[in-house]
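Keep the picture open as you read.

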Amino acid sequence: MEKVTVVTDSNSDITPEEANAWGITVIPMPFLIEGETYYENITLTQEEFYQKLLEDADISTSQPSPEDVTAVWDQLLETADTIVHIPMSSGLSGSCQTALMLAQDYDGKVQVVNNQRISVTQKQSVLDALQLIREGKTAVEIREKLEEVKFESSIYIMLDTLKYLKKGGRITPAAAALGTALRLKPVLQIQGEKLDAYAVAKTSKKGVAKMLSAMEEDINTRFGGVENVHLEVAHTNNEEAAIAFCQMIREHFGVEDIVVDPLSLSISCHIGSGALAIACSKKIDA
């Protein structure tokens, strides 16, 4: 049987401890902060990142170098037959296209999955890949399955601040000032390829209600019911609120098994601290 191993990047929110327990490899995403390069979960912790964000440090995201990616692949192929590589969504980063280009030199031994996921939904893709490996699927079969279901996930994110949307040029300074004065809570969505506006709420309570309503609509109309999805909660430096939100979701949907994780730092750069998110991924068929 083909020996398949899984590679992803730290945008999946998979910690080094989880990666070690699951037998997978996580490539850390690089960040340029005040001209110095840091690597997520290696030389840059969540706490350090948010402290630098609070200090208004100049932060930009990057992608792993081709040399770093191929070095990981080369080492893994010494003991594995094939690799399933699951990068963040090609709509949000160039790292997927880079990996696809590099994989052309590996004669099919590296299967790059372009399944439009990030953060907790990307993490679920890794778990799905591990399930398919246990079922005896080949790397090609796993890539095909994950790409087949690539749009069968959904994320809604309520922001605590408009500062970083203004900083990134996504809204005008005037709109940001008005929204801040009115204490508006924007709700964004990720439906595969990009981060988009979804709604605006006047309070956090109403923002949470909008996210729950939107997710319920997705679950019922796109995914055929809550029994067919994995539910996830994510946050940016807001764990206490995320745990409370998780309990609310349990009561709302009548489910117990909900993952709670920090949102990818690549998203956090654009939305800041204090955000809350609800996500779901459709369960894959055997």
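Start with helix α4, which gives the largest share of the lining of the largest cavity, 3 residues. Helices here are DSSP runs (H or I, at least four residues), strands are runs of E with at least two, and both are numbered from the N terminus. This is a predicted model, where local features need pLDDT of at least 70, side-chain atom pairs count only at pLDDT 80 or more, and totals for chains, interfaces and linings use all residues. Residues are numbered from 1 along each chain as its sequence is written, and side-chain values use heavy atoms, with hydrogens and water left out.

What's a cavity, then? On a 1 Å grid over the protein atoms alone, it's a set of points where a 1.4 Å probe fits but cannot get out, and lining residues have an atom within 4 Å of a point. Counting those of 30 Å³ or more gives 2 cavities. The largest holds about 80 Å³ of space, where volume is the space filled by probe spheres set on the points, and points are joined across faces, edges and corners. Both β1 (4-9) and α4 (95-103) supply at least two residues of its lining. Among the lining residues are Thr 8, Asp 9, His 85, Ser 95, Thr 98 and Ala 99. By class, the lining has 5 nonpolar, 5 polar and 1 charged residues; Ala, Val, Leu, Ile, Met, Phe, Trp, Tyr, Cys and Pro count as nonpolar, Asp, Glu, Lys and Arg as charged, and the others, Gly among them, as polar.

The second largest cavity has about 40 Å³ of space. Its lining is Val 120, Lys 123, Gln 124, Leu 127, Glu 232 and Val 259, and α5 gives the largest share, 4 residues.

Now follow α5 (residues 119-134) to α6 (residues 139-148): they pack at about 140°, with axes 10 Å apart. Axes are lines fitted to C-alpha atoms, for helices over the stretch in contact, and angles run from 0 to 180 degrees between N-to-C directions. So α5 and α6 are oblique to each other (under 35 degrees is roughly parallel, over 145 roughly antiparallel, 65 to 115 roughly perpendicular, and the rest oblique). Ser 125, Asp 128, Ala 129, Leu 132 and Ile 133 of α5 meet Ile 142, Lys 145 and Leu 146 of α6, with contact meaning heavy atoms within 4.5 Å.

Last stop: the axes of α9 (residues 204-221) and α10 (residues 239-253) come within 12 Å and cross at roughly 45°, so this pair is oblique too.

How values were computed:
1 Å grid on protein atoms, 1.4 Å probe; cavity = no way out; pocket = protein on both sides within 12 Å on 5 of 7 lines; lining within 4 Å.
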